[in-house]
Amino acid sequence: MVKYDSREIVRRIDLRLAELGISKAQFYAESGVSSATISQWNNNVCVPTAKKLQQVANYLHMSVYDLTGSDGTPTYIFKDTVVDGAKMELFELIDSLDDRQCRRVINILENILQMIDDK
C-alpha cells in the first residue's frame, strides 16, 4: 500500500479550496469528507484511504497524484489501495490480455508463489 504525507495532502486541499473559492464548510458538506477526517489526516492520526483520496480529488477537480504530490505517474485504485509504479505496469499488461491468457498467467503466478512458499 502506498503511504502519503497526510499533512501535505491537507495543505494541498486548502490551497485548492482557496483557488476554487470554496469554503471549508462547503467542502465538508458537499464532498462527503468530514472535518474530523481532515483533522485526523492533518495530525497524522490516520492516512487517507485510496477511496477518500479519489473522493476528494473528484470534488476538487484534480487528479489523485496532484492531490498527493506524487511524481505524476498515473495511479489506479484497486481494492481501496492506490496502485502505481511496477504494480501499475502489471495491471496494464494484464489489461491487454484476453481471458484465456489471464487464466494462464494466474496459473503461472500461483505455481511461482507455491515454489516460493515451499522454500
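Me: What makes E8 and R11 a salt bridge?
Reply: In this predicted model, the side chains of E8 and R11 come to 2.6 Å, N to O. The rule asks for a side-chain nitrogen of Lys or Arg within 4 Å of a carboxyl oxygen of Asp or Glu, so the pair counts as a salt bridge. E8 and R11 sit three residues apart in helix α1 (residues 6-20), about one helical turn. Helices here are DSSP runs of H or I with at least four residues, strands are E runs of at least two, and both are numbered from the N terminus.

Me: Why is the F27 and Y59 pair called edge-to-face?
Reply: There are two aromatic pairs by the ring rule. For F27 and Y59, the ring centres are 5.5 Å apart and the planes are at 65°. Rings of Phe, Tyr and Trp (its six-membered ring) pair if their centres lie within 6.5 Å, with planes under 30 degrees apart stacked, over 60 edge-to-face and the rest tilted. So this pair is edge-to-face. F27 lies in helix α2 and Y59 in helix α4 (residues 50-59), so the pair ties together parts 32 residues apart in sequence. F27 is buried at 1%, and Y59 is buried at 17%.

Me: What makes strand β1 a part to read with care?
Reply: pLDDT is the predictor's confidence in each residue, from 0 to 100. Strand β1 (residues 76-78) has the lowest mean pLDDT among the elements, 57, while helix α2 (residues 24-31) has the highest, 95. Where pLDDT is low, the predicted coordinates should not be read in detail.

Me: What should I keep in mind about the ground rules?
Reply: Residues are numbered from 1 along each chain as its sequence is written, and side-chain values use heavy atoms, leaving out hydrogens and water. As this is a predicted model, local features need pLDDT of at least 70 and side-chain atom pairs count only at pLDDT 80 or more, whereas totals for chains, interfaces and linings use all residues.

Technical notes: Buried < 20%, exposed > 50% of the residue type's maximum accessible area, 1.4 Å probe, protein only.
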